Amino acid sequence: MTQSGTDKGFEFGSRENELLLGLSRDLTRLGISVLVAGVLFVLYLVVSFIDPSAVLQVSDARHTLLSVIDYAVWGLIALLVIYMSVTIIKLAVPVKMIATTAGLDIAHLMDFVKDLGRLSRVSFASLMVVCVLMVISLFMLVLVF
């Protein structure tokens, strides 16, 4: 990071630029995964509203077991979403540090960018798990329920 003496502006160095480019890639992937999860959820809602006939007939005992599994899948989805929410809320701390401290704004900003990049990667992985779980639940909805 260098500081221009004439205009008192800042220019990030190659290390900071690489960090920001990585964050840009991570946020793009995260945004796409949120979009996919949203589309899958809408598809699930539409199919459940239409309520098609079950493709497979299962016994009452298996139907109960599959219903429990489906509720467990949605419970796991809810836990992953809660986890992602808590980690996003934690991002407020480094932003607050930028605003409330003196002399280390750029260092705090770079820490925030690192944390945001890590959060983006973890959220991407979590959302991929959510998408897989929603596909499983959607298949169970179409095939059994």
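Guide: Residue L143 belongs to helix α4, which spans residues 105–143; helices are DSSP runs of H or I with at least four residues, numbered from the N terminus. The model is predicted, so local features need pLDDT of at least 70 and side-chain atom pairs count only at pLDDT 80 or more, while totals for chains, interfaces and linings use all residues. Residues are numbered from 1 along each chain as its sequence is written, and side-chain values use heavy atoms, with hydrogens and water left out.

Visitor: Why is L143 called partly exposed?

Guide: Buried means under 20% relative accessible area, exposed over 50%, and partly exposed in between (1.4 Å probe, protein chains only). L143 has 32%, therefore it is partly exposed.

Visitor: What makes M110 count as buried?

Guide: The relative accessibility of M110 is 6%, which is under 20%, so the residue is buried. M110 is also placed in helix α4.

Visitor: Which residues does M110 touch, beyond those up to four places away in sequence?

Guide: M110 touches F12, E16 and L19, where contact means heavy atoms within 4.5 Å. M110 and L19 are 91 residues apart in sequence, yet their C-alpha atoms are 8.2 Å apart.

Conventions: Helices (H or I, at least four residues) and strands (E, at least two) are DSSP runs, numbered from the N terminus.
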